[in-house]
Amino acid sequence: KKINTLPSPPGLPLIGNLHQLGHHPHRSLCSLSHRYGPLMLLHFGRVPLLYDKHDVASAPYGEYWRQMKSVCVLHLFSNKMVRSFREVREEEISVMMENIRKSNSLPVNLSKILVSLTNDVICRVALGRKYGGEVDFKELMERLSKLLGTFSVGSYIPWLAWVDWVSGLDGQLEKTANDLDKFFERVVQDHVNGNRDRTDFVDVLLSIQREKSVGFEINRVSIKAIVLDVFVGGTDTSYTLMEWAMTELLRHPKCLNILQEEVRTICKDRPSVSEDDIKDMNYLKAVIKETLRLHPPLPLMAPHESTQDVRLRDYHIPAGTQVLINAWAIGREAATWGPDAEEFRPERHLYSSVDYRGQAFELIPFGAGRRICPAISFAVALNEVVLANLVHRFDWRLPVESTEDQTDVAESTGIAIHRMLPLYAVASSTT
Ligand code: HEM
């Protein structure tokens with residue numbers, strides 16, 4: 001059968017299509033695909049890159065990654081582990097609610113509150129306690145997240161790698177990596193030395209190491225690497241989802257009212273929403289799904305790479321091609337979601353079986369296949385109970401001077417796409 005040449009937008013000499021990415025690659029690539037088709041070949045410097053917004057390709061892991069992934073899935077993010085951190089979530093939510101209550105109906109920086117909550121929950125779950133003061137762990141993570149979102153010229157155009165060196169990117173990366181390594185080394189050592197009441201991720205990993213219970217050796221470097229993955233993969237993504245959900249609810253007061261009615265009917269006069277209450281909250285689940293559809297926190301997910309030659313829709317894709325999948329564009333495809341695909345309408349999910357756990361390719365905010373996010377249950381459990389509590393105890397509105405219910409909300413740049421400017425909102429206590 002004939003092998004076709006992949007459509008490819010014309011690029012510039014040496015840099016290829018790099019200049020066409022712009023500040024928001026998920027949007028630029030979606031526009032390009034309207035002209036060149038759902039599957040197109042781009043060149044970033046010397047690396048050929050396949051852009052696909054319909055099919056989901058997943059690179060097979062090597063043995064090391066397969067083993068580490070199974071540790072994550074079976075030991076860190078199992079349903080049992082997710083349940084065991086219920087108290088941590090509830091305690092941190094009650095701290096958050098108290099802070100909002102103290103705002104006395106003045107506008108609060110909800111983005112900052114949600115970042116802080118997510119950081120604290122993940123810190124306690126992974127490391128056993130919140131870190132602040134003696135080491136500014138939050139500052140360290142902010143530095144890392146900024147660097148990860150910074151484009152490294154050298155990784156695409158090897159002969160321009162000196163630009164990263166001159167721009168200071170290499171130096172900053174090296175310093176941040178060293179600081180993080182030192183920090184995690186100390187945390188792991190504290191765990192080796194001490195006893196603790198609640199088992200956190202570092203404890204689980206150390207016990208796997210001690211008992212050699214998984215059939216392969218897990219060393220200190222792997223432990224630190226997994227813990228770092230948890231922070232990098234978990235913090236920005238989770239708070240971004242909560243921030244977009246509240247943004248959309250505030251822009252759509254009717255949806256906010258429906259959600260409030262559902263939560264308040266189920267919880268009646270109870271002061272807070274517990275995780276047992278959530279199972280019957282169908283509208284809450286639909287709000288989260290709709291937010292993930294319109295605002296997947298990682299719009300281009302993680303780049304994959306083909307490890308062998310493949311034939312896809314009569315195109316030949318050589319081994320070593322980087323593959324980008326645009327979850328953002330997939331979620332807004334009118335052919336799948338209808339003419340109102342750009343609108344926030346949670347109702348569309350109420351009687352639909354389309355879910356985000358990697359089975360339905362029209363909604364893949366967590367990826368699909370072998371590389372799928374291992375922490376879906378963990379992320380969803382936190383997001384559901386936070387959102388339910390926020391709308392249960394408070395009535396919310398945008399500050400009087402805000403115009404964002406009539407305008408598009410600007411997006412940040414970087415790997416995780418959150419709001420460019422923080423979300424300010426007014427909370428009035430209902431009790
Ligand atoms: C709303 C929240 C989240 C979203 C939308 C999300 C999304 C994703 C996506 C798109 C990927 C890449 C999938 C692929 O390339 O095919 C991923 C991988 C990953 N996520 Fe999440 N994630 C979220 C929360 C979390 C949390 C809370 C954690 C940990 C506490 C976490 C840990 C990871 C890890 C370790 C990976 C790498 C998996 C691998 O390489 O096999 N994620 N996530």
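A search of the whole structure, which is a predicted model, finds 25 salt bridges, each being a side-chain nitrogen of Lys or Arg within 4 Å of a carboxyl oxygen of Asp or Glu. Side chains of opposite charge can pair when their charged atoms come close. Because the model is predicted, local features need pLDDT of at least 70 and side-chain atom pairs count only at pLDDT 80 or more, while totals for chains, interfaces and linings use all residues. Residues are numbered from 1 along each chain as its sequence is written, and side-chain values use heavy atoms, with hydrogens and water left out.

One of these pairs is D181 with K224, whose closest N and O atoms are 2.9 Å apart. Helices here are DSSP runs (H or I, at least four residues), numbered from the N terminus. D181 is partly exposed at a relative accessible area of 38%, whereas K224 is buried at 10%; buried means under 20% relative accessible area, exposed over 50%, and partly exposed in between (1.4 Å probe, protein chains only).

A further salt bridge joins K285 and E384, with 3.6 Å between the closest N and O atoms. K285 belongs to helix α13 (residues 282-294) and E384 to helix α16, so this pair ties together parts that are 99 residues apart in sequence. Here K285 is partly exposed, with 27% relative accessibility, and E384 is buried, with 11%.

The helix that holds E384 deserves a look of its own. Helix α16 covers residues 376-393, and its 18 residues reach 26 Å from the first C-alpha to the last, close to the 26 Å expected at 1.5 Å a residue (1.5 Å times one less than the number of residues). Helix α16 is mostly covered, as 17 of its 18 residues are buried.

Q260, in helix α12 (residues 253-267), touches V391, F394, D395 and W396, leaving aside residues up to four places away in sequence; contact means heavy atoms within 4.5 Å. Q260 is buried, and its relative accessible area is 6%.

Finally, the side chains of R311 and D314 meet in a salt bridge at 3.7 Å, N to O. R311 is partly exposed at 43% relative accessible area, and D314 is partly exposed at 24%. Elsewhere, salt bridges that share partners bring E290, R293, D340, R345 and R348 into one network.

Methods. Helix = DSSP H or I, 4+ residues; strand = E, 2+ residues; numbered from the N terminus.
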